[in-house]
Amino acid sequence: MSDLITTHDLGKTYGDRTVVHNLDLRIPEGCVYGFLGPNGSGKSTTMKMLLSLVRPTSGEVHIMGRRMQPSTRRGLLREIGSLIEAPPAYGHLTGGENMRLVQRLLGLSDGQVRRAVRTVRLQDHIDKRVRTYSLGMKQRLGIALALAREPRILILDEPTNGLDPAGIEEMRRLLKQLADRGITVMVSSHLLGEIDRTATVLGILGEGRMLFQGTREQLFARSVPDVLVDTPEPDRATALTSGWGAVRDGGCVRIPGIGHDTTAHLVAHLVHERVAVHGVRREEQSLEDVFMDLTGGGGL
Ligand SMILES: Nc1ncnc2c1ncn2[C@@H]1O[C@H](COP(=O)(O)OP(=O)(O)O)[C@@H](O)[C@H]1O
Ligand SMILES: [Mg+2]
């Protein structure tokens, strides 16, 4: 699979403060790229640099293998739909009227507009004024506006921000559906868990630096989850395995971050010492847990 967006050494400095450091983004074609990091970590600045809304201090942006520069900018930006910050619609107009404004501006067909509205499931609300829309509906209209020109790439900055759980679920479904159609979606969030299951590739930013970039599987493979041993003698078992860092955890013994071989040794040792081992399991890990491991407990 080829990369649709790449950057080399992309950086942004405001005054004497560097807010984005030497980013090498790799966004494969057809993926949902989850761009995660806390508020202030540089997500919006990076997305704006991809869209030429902010001028990079250093580095390069390549879209579909072509370098973004004055001579290529117009053509490349035509392939990208975006939703940055607040949804870009007029509240006193209906959803449909907002769509027609963009249609005229870009010279789009009725079919393109109709398809975009149907994709975000707003067809039943299209004749209502946008100011009566819920936040989720406004976000979906914003995506329809970005989608109508049928771009190959969608860049969405925190589209789940402020949505209720149902709105977040609807947004996740929409992102999946867009990716299924072959649109490459880059979507940011300051909440690790909000889009992590929707995204197939993750880029995790902390203080303007890329802390991890790769698939979910690669991220999870880098962390070793805790092992829990279920036994009727947790105190004795904890003492016998204290060399591995074991601690008692309720009726179980918790051994932090040990691999397969060590787990086998540990269980053999307990059995040798005649401890009744009723069960051994690995703790389910959330993205937050994995990330805490990667950052040495500091988290984001
Ligand atoms: N125009 C600007 N001038 C100065 N500092 C800015 C500007 N835009 C953003 N910043 C700073 O850059 C950092 C990253 O901001 P931003 O890209 O908005 O982060 P995020 O989207 O991850 O919340 C923040 O500390 C922010 O205050
Ligand atoms: Mg932001």
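Buried means under 20% relative accessible area, exposed means over 50%, and partly exposed is in between, with a 1.4 Å probe and protein chains only.

**Ground rules**

I'm looking at a predicted model, where local features need pLDDT of at least 70, side-chain atom pairs count only at pLDDT 80 or more, and totals for chains, interfaces and linings use all residues. Residues are numbered from 1 along each chain as its sequence is written, chains are lettered from A and ligands numbered from 1 in the order in which they are written, and side-chain values use heavy atoms, with hydrogens and water left out.

**Entry 1: the whole chain**

I started with the box around the C-alpha atoms, which is roughly 80 × 45 × 35 Å along the principal axes. I then looked up the secondary structure and found 10 helices and 15 strands in the protein chain. Both kinds are DSSP runs numbered from the N terminus: helices are H or I with at least four residues, strands are E with at least two.

Of the 300 residues in the chain, 47% are buried. The accessible surface is about 14,800 Å², and carbon and sulfur atoms own 48% of it. I note that such areas come from the Shrake-Rupley method with a 1.4 Å probe, and for residues only the protein chains shown count as cover.

I also checked contacts, meaning heavy atoms within 4.5 Å. Among those between residues at least 6 apart in sequence, 68% join residues at least 24 apart.

**Entry 2: ligand 1**

Which residues surround ligand 1? I listed Tyr14, Arg17, Val19, Pro38, Asn39, Gly40, Ser41, Gly42, Lys43, Ser44 and Thr45. To be near, a residue needs one of its heavy atoms within 4 Å of the molecule.

I went on to polar contacts, which are pairs of N or O atoms within 3.5 Å; within protein, one must be able to donate a hydrogen and the other to accept it, and residues adjacent in sequence count only if both atoms are side-chain atoms. A backbone N or O atom of Gly40 sits 2.7 Å from a ligand oxygen. For Ser41, a polar backbone atom is 3.2 Å from an oxygen atom of ligand 1. With Lys43, the side chain supplies an N or O atom 2.8 Å from a ligand oxygen. Taken alone, ligand 1 exposes 560 Å², and the protein buries 62% of that.

Strand 2 (17–23) and helix 1 (43–50) are the elements that give two or more residues to this shell. Helix 1 gives the most, with three residues. By class I get three nonpolar, six polar and two charged residues. Here Ala, Val, Leu, Ile, Met, Phe, Trp, Tyr, Cys and Pro count as nonpolar, Asp, Glu, Lys and Arg as charged, and the others, Gly among them, as polar.

I checked the length of helix 6 (residues 165–180). At 1.5 Å a residue its 16 residues should span 22 Å, and the end C-alpha atoms are 23 Å apart, which agrees. The expected span is 1.5 Å times one less than the number of residues.

The buried residues of helix 6 include Gly167, Ile168, Met171 and Leu174. They pack against strand 4 (32–36), helix 4 (110–119), helix 5 (135–147), strand 8 (153–156) and strand 9 (184–189). Just after this helix, Gly182 has a positive phi of about 90°.

In helix 4, I found Gly111, Gln112, Val113, Ala116, Val117 and Thr119 buried. Their cover includes helix 3 (95–106), helix 5 and helix 6. Arg121 follows helix 4 and has a positive phi, near 55°.

Most residues other than glycine have a negative phi, so I looked for exceptions. Asn22, in strand 2, has a positive phi of about 35°. Asn22 counts as partly exposed at 46% relative accessibility.

Where does Glu150 lie? I found Glu150 in the loop between helix 5 and strand 8. Its phi is positive too, about 55°, and Glu150 is partly exposed at 43% relative accessibility.

Asn98 belongs to helix 3 and is buried, with a relative accessible area of 3%. Leaving aside neighbours within four places in sequence, Asn98 is in contact with Ala89, Tyr90, Leu93, Val130, Leu141 and Leu145.

Arg216 is in helix 7 (residues 216–221). Is Arg216 buried or exposed? At 14% relative accessibility, Arg216 counts as buried. Not counting residues up to four places away in sequence, Arg216 touches Asp196, Arg197, Ala199, Thr200 and Leu202.
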